[in-house]
Amino acid sequence: MRRMLRLFLPLTIAAASLVTAMVAAPPGANVRGPLTVGDATAMLQKTAVIAALLAVWMLAAVALTLLSGREIRYSSLEMRASALHCFALGLVAVTSFALTAIVFSYLIPYHVGVPLLFALGVFAILTKIYGTVAVFHAVGTLVAGSRTREQLARRHWLRGDLAMVVVGVAVLGALRLIPIVGPIIWGFASVFGIGTALATKFGRREPWFLAWRTVES
Amino acid sequence: MTDSACQRYLEDPEPNAAHLETCATCRAEAAGLAEKAGAEPAPIDLDALPLAPWEGSSHRPWGLVLGGAVVVIAIALALCDATGMSPLHVAESSLASMEGIRSLLTRATASLRAASLGMQIAFGVLFLVVNALLIVLLRRAPRGIDA
């Protein structure tokens, strides 16, 4: 059953890529290529930019996993344990970031807006980077993670946090190259990532807010 | 159960071990004796337990990591070379998307300033509601098991 599921996933990705390419192609266009040389060049340039950004993501993911693999693993686990909560939190957080950015931008004439906007930007970028790496780990574990102890013992390459992150970057990067669907999938991954980063407080087991307790006599 | 069954168990516990399943008194007595004697608990079959997330996680397959990184970087460089783009162009295009976000933010702020007082108050209420919802969601404890 699991083997069938593993076969099913790449087949689904391949089929989705083919269908998306056919849908995204201009009407009457040949499936083998776009209409003009200019279109082909623009598409190739876009692909080159995406591939270059994927290379940067790969390096960032490996570096972050080496620095704090335990935290990334914990966030990835949380994402798989309560995906809906992470997604809802991510949606609310992205909305909150946007609204807060507008409010801080509104405050720029009063001089307090600029540092606040800068701090919000740094926090949002860090949350996105950390969360996306956690999504890479979660996707890698779902696709290539060991299910049994025997399977884990047999493996020499596909085991460990680093391997899961690399597999996740490869899978999500391949999906990112699909026109139309790729950016949507990447956007969903970002929302999931931001949600899981905030839900786990960047992989640490600390509450965001202290609970109020009265002193007992 | 019956006194005679208990007696038989007490006289010869090992052949009559099945008696413990039916007699709570003897079971409690046996547990107490085992505790006093410092007997080891029944061994746990570790292989029967599910795989923990941290098992094998510290393994670092450098071949896979370096190979994957080299392949992705090589594809990116080959595509950049084929299109005549330099890495500087890639950075510029990334900054251009940031510029788009900045201009969107500027336009949204200008619209808010130009809006009526009622709209500004409504925006403020929306801001408070969304952030209150964020705080409510952040208060939930994570569910993930020990990593």
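User: What covers the buried residues of α8(A)?
Analyst: In this predicted model, the cover includes α3 (69-81), α4 (83-106), α5 (113-144) and α7 of chain A, together with α5 (117-138) of chain B. Buried here means that 20 or more other C-beta atoms lie within 10 Å of a residue's own; exposed means 12 or fewer, partly exposed is in between, and C-beta atoms are placed from the backbone. Helices (H or I, at least four residues) and strands (E, at least two) are DSSP runs, numbered from the N terminus.

User: Which residues of α8(A) are buried, then?
Analyst: They are A:A189, A:V191, A:F192, A:G193, A:I194, A:G195, A:T196, A:A197, A:L198 and A:A199. Just after the helix, A:K201 has a positive phi of about 50°.

User: Before I go on, how are residues and chains labelled, and what pLDDT do local features need?
Analyst: Residues are numbered from 1 along each chain as its sequence is written, while chains are lettered from A and ligands numbered from 1 in the order in which they are written. Since you asked about the model, local features need pLDDT of at least 70, side-chain atom pairs count only at pLDDT 80 or more, and totals for chains, interfaces and linings use all residues.

User: Thanks! How many residues of each chain are in contact?
Analyst: 53 residues of chain A are in contact with 49 residues of chain B, where contact means C-beta atoms, placed from the backbone, within 7 Å. On the chain A side, α2, α3, α4, α6 (149-154), α7 and α8 each supply at least two residues. α2(A) gives the most, with 14 residues.

User: How do the residues on that side of chain A divide?
Analyst: Into 33 nonpolar, 13 polar and seven charged. Ala, Val, Leu, Ile, Met, Phe, Trp, Tyr, Cys and Pro count as nonpolar, Asp, Glu, Lys and Arg as charged, and the others, Gly among them, as polar.

User: Switching to α3(B): what should its 22 residues span?
Analyst: At 1.5 Å a residue, helix α3 (residues 62-83) of chain B should span 32 Å, and its end C-alpha atoms are 31 Å apart, which agrees. The expected span is 1.5 Å times one less than the number of residues.

User: Which of its residues are buried, and which exposed ones sit on the face turned away?
Analyst: B:V65, B:G68, B:V72, B:A76, B:L79 and B:C80 are the buried ones. They cover an arc of only 105° around the axis, which puts them on the same side of α3(B); the arc is that of the directions from the helix axis to the C-beta atoms. The face turned away carries the exposed B:W62, B:G63, B:L66, B:V70, B:A74, B:A78 and B:D81.

User: And what covers the buried side?
Analyst: The cover includes α2 (37-67) and α7 (161-176) of chain A, together with α4 (87-114) of chain B. Take B:A76, which is buried, with 23 other C-beta atoms within 10 Å. Not counting residues up to four places away in sequence, B:A76 touches A:A48, A:A51, A:A52, A:L54 and A:A55.

User: Last topic: what are the confidence numbers?
Analyst: Chain B has a mean pLDDT of 84, and 93% of its residues reach 70 or more; pLDDT is the predictor's confidence in each residue, from 0 to 100. Among the elements of chain B, helix α2 (residues 24-37) has the lowest mean pLDDT (81) and α5(B) the highest (95). For the complex, the predictor gives an ipTM of 0.77 and a pTM of 0.76.

How values were computed:
Two residues are in contact if their C-beta atoms, placed from the backbone, lie within 7 Å.
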